[in-house]
Amino acid sequence: MRRRRSLLATALVAVTTAALALPSAPALAAGCSGTNDSDVAIGDNTTVESPIAISECASAPSATATVPVKIVHTYIGDVQVSLIAPDGSAYVLHNRSGGSADNIDQTYTVDLSGETSNGTWKLRVNDNANNDTGRIDTWSLNLGGSTPANDFSVAVSPASGSVAAGSTASATVQTQTTAGQAQTVALTATGLPSGATASFSPSSVTSGSNSTLSISTTASISSGTYPITVRAAGTTTKTATYTLTVTGGTGPQIPDIDITAVKAHLTAFGTIASQNGGNRRSTSAGYRASVTYVKDKLTAAGYSVTEQPCTSGCTSGAGPNVIAEWPGGNANNVYMFGAHLDGVSAGPGINDNGSGSAALLETALVLAQRNPSMVNKVRFGWWTDEEQGLNGSRFYVSQLPSAERTKIKTYHNFDMVGSTNGGYFINNITSAQSTHMKAYWDSLGLQPEENTEGRNRSDDASFTNAGIPASGYAMGASARKTAAQATKWGGTSGSAFDPCYHASCDTTANISDTHLNRAVDGIAYTLWKSAVGTGTPGADFSVSVSPTSGSVAAGSSVSATVGTATVSGDPQTVQLSASGLPSGATASFSPASVQTGSSSTLTISTTASVAAGTYPVTITAAGSSSRTATYSLTVTGGGGGSCTGTNPNDVAVPDAGAAVDSDVVISGCSSTPSASSVVTVRIVHPYVGDLTVSLIAPDGSAYTLHNRTGGSADNIDRTFTVNVAGEGANGTWKLRVRDLAASDVGTIDTWGINLAP
């Protein structure tokens with residue numbers, strides 16, 4: 001989201017953050033109870049303690065002693081929480097349950113009747129996994145116990161069921177009184193797919209009684225499996241899950257996007273930032289590397305991808321927009337989905353806005369993998385220079401002819417969709433263009449609100465101002481959550497939705513999996529409802545390699561099996577190739593082409609002079625589209641690195657299509673790249689005036705070698721001198737070629753690079 005924060009406010013956040021890191025002192029308590037509200041930071045894979053010293057307690061601890069605990073953490077499934085008695089005895093309160101849920105705010109009842117009251121009690125918290133941090137906010141100890149409050153449980157039996165579209169499934173909702181007195185609880189259900197309704201008979205029960213849940217479906221419902229949340233609301237709200245499988249539906253099959261895959265993209269953005277000065281600002285190498293990452297994923301998936309330089313209105317040196325379009329669908333009805341790819345200079349920009357970019361990217365990749373029949377056209381945009389004034393999206397809209405603007409029926413924007421203290425906000429929530437987005441969140445019972453904080457502060461404003469209907473999801477930035485919102489959504493009232501907004505702590509730890517998951521599934525729901533048809537999907541396939549990694553001594557060979565499978569439609573023949581090999585290594589396939597469903601043997605041969613190291617080798621299977629898999633090759637005992645490399649493998653250059661790359665991996669080069677580095681290129685093409693040719697450095701920097709000169713001449717067969725003195729030598733260098741006009745195709749025949757001539 002675009003910056004709206006003073007330097008003073010930023011400094012205050014930095015001071016507050018530093019204060020949280022101070023160690024807590026023992027909280028001294030005379031009597032049989034005590035509280036420690038000093039914050040204790042919980043790092044990844046660490047154990048921390050917060051003490052309370054009890055003195056002058058004349059009573060023995062109770063069998064119903066209570067321990068209220070409040071821990072702020074973005075993934076409580078990583079956390080074990082124990083109460084440690086003065087004699088060292090441990091009582092486990094929470095043992096890595098709860099998965100990706102945020103925060104622990106709970107009172108535990110513990111039998112401490114065998115302990116001595118006086119002494120130092122400790123709350124011990126152990127974080128057992130990577131990527132999420134938190135803090136002990138406050139905890140208390142009451143050794144005298146308390147009278148249990150009224151409480152109950154809810155369950156569904158059976159826990160799952162299958163129903164043919166147009167029919168009804170039933171289950172029994174069971175309640176039990178677990179503490180105190182029986183109470184009346186009201187029953188509701190959320191998470192139902194479009195075309196399904198739920199009813200309860202009766203709709204409210206006294207805890208200890210049962211109700212019959214009936215789920216009715218229409219014939220037009222989408223086939224699939226849906227987790228239905230059954231809610232029982234009394235003095236508190238309890239939930240149980242019923243898994244509904246629908247068969248024979250005629251609606252589009254909407255996928256559940258894998259949150260793990262989305263987070264893998266976030267990890268990649270974090271790595272890119274750390275390797276490029278700590279940020280992904282639009283003018284930085286980190287932004288250019290982010291563009292390359294997104295573009296490479298989309299190109300491999302079969303998208304038509306364009307880098308659009310922002311030639312006016314953007315910050316000097318800003319990188320390009322990335323525009324990707326999926327084939328098929330009515331080109332006069334375009335549904336566009338976008339997110340800004342840039343961040344601020346203060347940090348890596350993972351929630352703002354790696355979250356929206358990653359969610360959008362994974363949705364696009366799943367669309368390509370599913371390859372459904374399309375009713376309308378889908379287009380994606382990743383914008384540059386948003387943080388400097390919405391400049392990239394404004395430029396894109398300004399370059400659209402009036403007729404092209406008219407074709408865009410709705411633009412959906414996704415900016416900051418993983419805020420750790422997040423809310424659920426929709427831009428223009430009551431508008432027609434928000435119908436599908438709101439319907440999905442309504443199905444989860446989230447009660448979304450209008451995004452007032454984000455109004456005119458993100459890229460949807462560029463489209464709205466041009467007369468294009470727009471909507472979008474957001475989870476909030478520096479605005480503070482109200483008490484009413486905390487009651488409705490959970491989290492901390494009075495605190496910012498994103499405590500790391502535009503700060504250095506906006507890392508992969510600054511993400512709520514729950515919010516991110518609900519956003520990306522809502523994106524998929526909206527896309528499928530807007531543009532996907534119900535016909536037979538096109539032919540598609542997958543490729544894999546087993547094992548996924550191997551080690552070889554320099555001068556020897558290593559083998560793996562490349563497997564293919566038909567995902568949809570009819571089997572097809574695919575051609576196999578490998579890229580990313582180090583200099584001195586070659587790959588062969590036996591056979592070189594297979595019908596999907598069959599396998600091939602990959603053999604990688606190395607010379608004695610190949611540089612020792614680990615190389616990600618990309619296996620590409622090319623058929624009606626291209627699919628890839630990665631094999632990690634480790635070379636040992638090599639004769640040392642080299643500052644030169646060659647790729648002799650042919651790469652087809654499509655007519656008026658997306659750019660294609662050919663890779664050379666440089667490893668073990670101890671020299672600094674020269675200002676007169678040499679790039680030799682042979683490209684077979686009958687009209688070189690159609691071509692642009694660039695050298696792409698490992699950090700994503702582009703060096704133009706050939707820019708549509710030469711007119712109707714045949715072929716490029718020459719040596720270029722390039723000043724790459726400011727680059728790092730080792731990594732993957734790419735020759736990127738694009739044909740920008742119709743009627744001619746060609747091939748990258750061979751190319752090489754010498755960084756220290």
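Author: A disulfide here is a pair of cysteine sulfur atoms within 2.5 Å. The model is predicted.

Reader: How many disulfides does the structure hold?

Author: The cut-off is a sulfur pair within 2.5 Å. By that criterion the structure holds disulfides numbering four.

Reader: In what order are the bonded cysteines paired?

Author: The bonded cysteines of the protein chain are numbered in sequence order. On that numbering the pairing is 1-2, 3-4, 5-6, 7-8.

Reader: What is the handedness of the link of Cys32 and Cys57?

Author: Cys32 and Cys57 are joined by a disulfide, with S to S at 1.9 Å. The angle about the S-S bond is 95°. The link of Cys32 and Cys57 is therefore counted as a disulfide under the 2.5 Å cut-off. Its hand, with that 95°, is right-handed.

Reader: Which loops does the pair Cys32 and Cys57 link, and how many residues apart are they?

Author: The disulfide between Cys32 and Cys57 links distant parts of the chain. Cys32 lies in the loop between β1 (27-30) and β2 (33-36), and Cys57 in the loop between β4 (47-55) and β5 (65-73). The separation is 25 residues.

Reader: Is Cys32 buried, partly exposed or exposed?

Author: Buried means under 20% relative accessible area and exposed means over 50%. Cys32 has a relative accessible area of 24%, so it falls in between. Cys32 is partly exposed.

Reader: What is the angle about the S-S bond of Cys310 and Cys314?

Author: The sulfur atoms of Cys310 and Cys314 are 2.0 Å apart and form a disulfide. Cys310 is buried at 13%, and Cys314 is buried at 18%. Their link is right-handed, with an angle about the S-S bond of 85°.

Reader: Where does Cys669 lie?

Author: A disulfide joins Cys643 to Cys669, S to S 1.9 Å. This pair links distant parts of the chain, 26 residues apart. Cys643 is in the loop between β36 (626-636) and β37 (644-647). Cys669 is in the loop between β39 (660-666) and β40 (677-684).

Reader: Are Cys643 and Cys669 buried or exposed?

Author: The cut-off for buried is under 20% relative accessible area. Cys643 has 13% and Cys669 has 8%. Because these values fall under that cut-off, Cys643 and Cys669 are buried.

Reader: Which residues does Gln308 contact, leaving aside neighbours within four places in sequence?

Author: Gln308 sits in strand β20 (residues 304-308). Its relative accessibility is 16%, so Gln308 counts as buried. With those neighbours left aside, the contacts of Gln308 are Pro320, Asn321, Phe395, Tyr396 and Gln399.

Technical notes. Residues numbered from 1 in each chain as written. Predicted model: local features only at pLDDT ≥ 70, side-chain atom pairs only at ≥ 80, totals over all residues. Heavy atoms only, no water. Helix = DSSP H or I, 4+ residues; strand = E, 2+ residues; numbered from the N terminus. Buried < 20%, exposed > 50% of the residue type's maximum accessible area, 1.4 Å probe, protein only. Contact = heavy atoms within 4.5 Å.
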